[in-house]
Amino acid sequence: MEKDVNSCQDGAKTVPSTGLGTEGTETQLDDFVGTHADYNEEEEEQKYFRRKRLGVIKNVVAASLAGTLTYSVYLGLLQMQLILHYDETYREVKYSNIRLEDIDHKVLMGINVTPVAALLYTPILIRFFGTKWAMFLAVGIYALFVSSNYWERYYTLVPSAVAIGMVIVPLWASMGTYITRMAQKYYEYVNYKEEQERERQRRPRDACNSYIIVFQTIFYSCFHLSFVCAQMPMVFFLNNYLYQLNHTLFAVKHCGTLSHGTLPGFNKTVLQSLPRSVSLIIVESALMAAAFLAMLVVLVLCGAAYGPMEEIDMRSIGWGNIFQLPFKHMRDYRLRHLFPLFIYSGFEVLFVCTGFSLNYGVCALGLERLAYLLMAYGFSASACSSLALCMLRLRRHIPLLFGALIHAALLVTLFCWAPEPRYLPQAPLLYSIAVLWGMGSALNKTGISILLGMLYKKKERQDFIFTIYHWWQALAIFTVYLWSGLPMKAKLSIMLLTLVVAVGTYLWMERKVGQNMEVRLPRIPRPRHKTRGYRYLEDNSDETGSDGDGDGDKEDNDRHPTEATSEDELPKEDGEQLG
């Protein structure tokens, strides 16, 4: 009996111990899955968005570096090959029976003529692949052009040149869209608390303009260095084989404004000795490595401009609508007034690389100093791109007008000046003109991209807008290619007239914007959601607000008008952004 009592007591002792064990297990589970005592939600949120902001900066720097590498390789290789192929001895000894001059003519035609059709396919290409992958595809085709120069034949050089012409506008349109979108994302990550508080409210007017200014400035400061890097093959390799100016310019009689065509009288033999094939292969391999590095930078370091669902929604508005929208956006008076500025932007960059550098620079200083003249232009353009930061404090038209004023003064100077052939004391003046032209180019290019980012903040419109901009630029470059045989005075007159018209129409546009004139924008259709599959579990579960429903990227007061002509159906937008 005593034993039973003891056993009951032992049982009574075991019951509490079992309860304590259960409580201990629950405590350990709470410690494992519950909120940590030292966890600070606000601090972790700040760390998360700090990482996001650093990621955006990394994307901008990577895209800028990729663009610089791509154009450094492209311009450097094209310049070196054109000089080599120009030499009669080089053509006869190495390529006597393949008509290399005719191939070069078709290569330049492929590069300059093909972009004329780019408006038909660029938006479809960007929407189909996405902004990042369109950039990657274009950079890859530039690398293909480099690889085709290992075996210089008609069937390698001409198709690769046509391919480059096809991706020039898509590359620039996707890069412009990418940089602008990164500025908007950076704004969102900086103001994430404000976005939560006013989740269903419109963002303040011109909220992300400062980030657009800074990011476009970073991009163009890096990109203009490509004109410097492109001269490395010339400086370290080709200059060792060139004749001096007394030989190459012996028959040249007139320079500058008195010249016709492209440097008439220039000697057909510019190489005093032919470079070895092994040396050419080493240089081309270095350029190929740089092109491949640009591809890796885009692939590895550049993040996506949009989320996967956003890209699907942007594609699902219908390919017919995507094809039509660039043409419909041209009905916006702001874009129409900017067309002359887009055209002049194409004129001036190709003129400084061909007309000025050859008919003024090479004619007076010799071919061996061409590289240094273009390097002065590139360094100046890169440094002066930072002047666009004054838009943070000044009105946005001031940098554009200042750049136009510099170019107008230089065009008048070039129109009235004919440098003497083979006269080196003119070098300081020519370098000064190159530096000043670089300053004007920097303010022009950076200012236009910033202006478009300010006027069209809605993410569904940006690729169309930048496509239109760079398509008009490509048309202007094609025009410069066609007028290569005109007298220099005619070229300078056309450029000066275009610049005056561009400034006038731009100021007229700003005046209309200041008067809050109504703007006509095409409606962006809603995404056509497919009900099959796992993605859309309910109606409107993943809308991007493409018709103006608050997605944070909408333009100021943009009510996304239908394509009607009646005045009541047109949108009214803020004065700073629209008119």
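Visitor: At what angle do helix α17 and helix α19 pack in this model?

Guide: Good place to start, and do keep in mind that the model is predicted. To read a helix pair, look at the angle and at the distance between the axes. Helix α17 (residues 370–384) and helix α19 (residues 427–455) pack at an angle of about 35°, and their axes are 7 Å apart. The crossing of these two helices, α17 and α19, is right-handed.

Visitor: Which residues of α17 and α19 make the contact?

Guide: From α17 come Y372, L373, A376, Y377, S380, A381 and C384. On the α19 side, the residues include L430, Y431, A434, V435, W437 and G438.

Visitor: I see rings facing one another in the picture. How many aromatic pairs does the structure hold?

Guide: There are 31 aromatic pairs in the structure. For each pair, read the distance between ring centres and the angle between the planes. Take Y74 and Y142: their centres are 5.2 Å apart with 90° between the planes, and the pair is edge-to-face, since planes over 60 degrees apart count that way.

Visitor: Where in the chain do Y74 and Y142 sit?

Guide: Y74 belongs to helix α2 (residues 41–86) and Y142 to helix α6 (residues 131–148). They are 68 residues apart, and the pair links distant parts of the chain.

Visitor: Are Y74 and Y142 buried or exposed?

Guide: Y74 is buried, and Y142 is buried too. For another pair, turn to W471 and W472, which are edge-to-face at 5.3 Å centre to centre, with 70° between the planes. These two tryptophans, W471 and W472, are both buried as well.

Visitor: Which residues form one aromatic cluster?

Guide: Y74 and Y142 turn up again here, in one aromatic cluster with Y71, F145, W172, F219, Y220, F223, F227 and Y377. Y377 is also one of the α17 residues in the contact with α19.

Visitor: Stepping back, how many helices and strands are in the chain?

Guide: The chain has 21 helices and zero strands. Of its 579 residues, 54% are buried. Among contacts with a separation of 6 or more, 86% are between residues 24 or more positions apart.

Terms used: Residues numbered from 1 in each chain as written. Predicted model: local features only at pLDDT ≥ 70, side-chain atom pairs only at ≥ 80, totals over all residues. Heavy atoms only, no water. Axes fitted to C-alpha atoms, helices over the stretch in contact; angles between N-to-C directions. Helix = DSSP H or I, 4+ residues; strand = E, 2+ residues; numbered from the N terminus. Left-handed = near helix turned anticlockwise from the far one by under 90°. Contact = heavy atoms within 4.5 Å. Phe/Tyr/Trp six-rings, centres within 6.5 Å; stacked < 30°, edge-to-face > 60°. Buried < 20%, exposed > 50% of the residue type's maximum accessible area, 1.4 Å probe, protein only.
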